[in-house]
Amino acid sequence: MPKLPCPACGFSIEVAISRAGSEVACPSCEKIISVPKLGELRRLAADADAPPSPAVAGGTPIGLRAAFACLIGIAAIAAVFGGYCLVRFASIPKPPTTADHLAEVETVYPQLAAAQLVREWQTMESFTEAFAHPYEYQMVANVRRGWLVRGLIGLGIAAALTIAAAVMMRTSRRPT
Ligand SMILES: [Zn+2]
């Protein structure tokens, strides 16, 4: 049945096709409104019977669904990236710390003979330039920390985007 919006109160009035060209009283505000001619009325009937616009599926606009899918997609990529970084982090055994290194030096050096200490000193001297750079265990520690930080950032972004997508869907579903 065609539905006619009341110009006064907005109430949706069901009008029989047979009333085309006549007048009806709005059931809500009782104002007398004129019913359009048959052609216009048939068009209104078609609109009323038509399924919801394709732009709306499941009550959610397609643009919003696309944005949701996009957020979830990026979140998934961030999660995979974060997971990969954490695996790389876990695959590097924990290197000794500077404290460990100093403890080792303190334990080993007193046991060395004088000749061995001299040789150690000569080795150190040949590396004088290289001493400006960190020891290998320090570089390993830096690389390892880098993977951990990237992993946590990746998972953090994934979590934030997932929450944002969930909030977006929840907000859009709330009746206005
Ligand atoms: Zn009315």
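This note reviews the structure in numbered points, from the whole chain down to single residues.

1. The structure is a predicted model, in which local features need pLDDT of at least 70 and side-chain atom pairs count only at pLDDT 80 or more, while totals for chains, interfaces and linings use all residues. Residues are numbered from 1 along each chain as its sequence is written.

2. The protein chain has 5 helices and 6 strands. Here helices (H or I, at least four residues) and strands (E, at least two) are DSSP runs, numbered from the N terminus. Along the sequence, their order is β-β-β-β-α-β-β-α-α-α-α.

3. Of the 176 residues in the protein chain, buried residues make up 7%. A residue is called buried if 20 or more other C-beta atoms lie within 10 Å of its own, exposed if 12 or fewer, and partly exposed in between, with C-beta atoms placed from the backbone. Among contacts in the protein chain with a separation of 6 or more, 56% are between residues 24 or more positions apart. Two residues are in contact if their C-beta atoms, placed from the backbone, lie within 7 Å.

4. Helix α5 covers residues 136-173, which is 38 residues. The expected span of a helix is 1.5 Å times one less than its number of residues. For α5 this gives 56 Å, and the end C-alpha atoms are 56 Å apart, which agrees. The buried residues of α5 are Gly 151, Gly 154, Ala 158 and Leu 161, and they pack against α2 (62-91). An α-helix has 3.6 residues a turn, so residues three or four places apart point the same way.

5. The contact of α2 with α5 involves 23 nonpolar, 5 polar and 3 charged residues. Ala, Val, Leu, Ile, Met, Phe, Trp, Tyr, Cys and Pro count as nonpolar, Asp, Glu, Lys and Arg as charged, and the others, Gly among them, as polar.

6. Glu 136 belongs to helix α5 and is exposed, with 9 other C-beta atoms within 10 Å. Glu 136 and Pro 95 are 41 residues apart in sequence, yet their C-alpha atoms are 9.3 Å apart in space.

7. Pro 96 lies in the loop between α2 and α3 (98-108). With 15 other C-beta atoms within 10 Å, Pro 96 is partly exposed. Leaving aside neighbours within four places in sequence, Pro 96 is in contact with His 101 and Tyr 137. Val 140 is 44 residues from Pro 96 in sequence and 9.5 Å away, C-alpha to C-alpha.

8. The loop between β3 (23-25) and β4 (32-34) contains Glu 30. Glu 30 is exposed, having 10 other C-beta atoms within 10 Å. Most residues other than glycine have a negative phi, but Glu 30, which is not a glycine, has a positive phi of about 65 degrees.

9. Lys 31 is also placed in the loop between β3 and β4; Lys 31 is partly exposed, with 13 other C-beta atoms within 10 Å. Beyond neighbours within four places in sequence, Lys 31 is in contact with Cys 6, Ala 8 and Cys 26.
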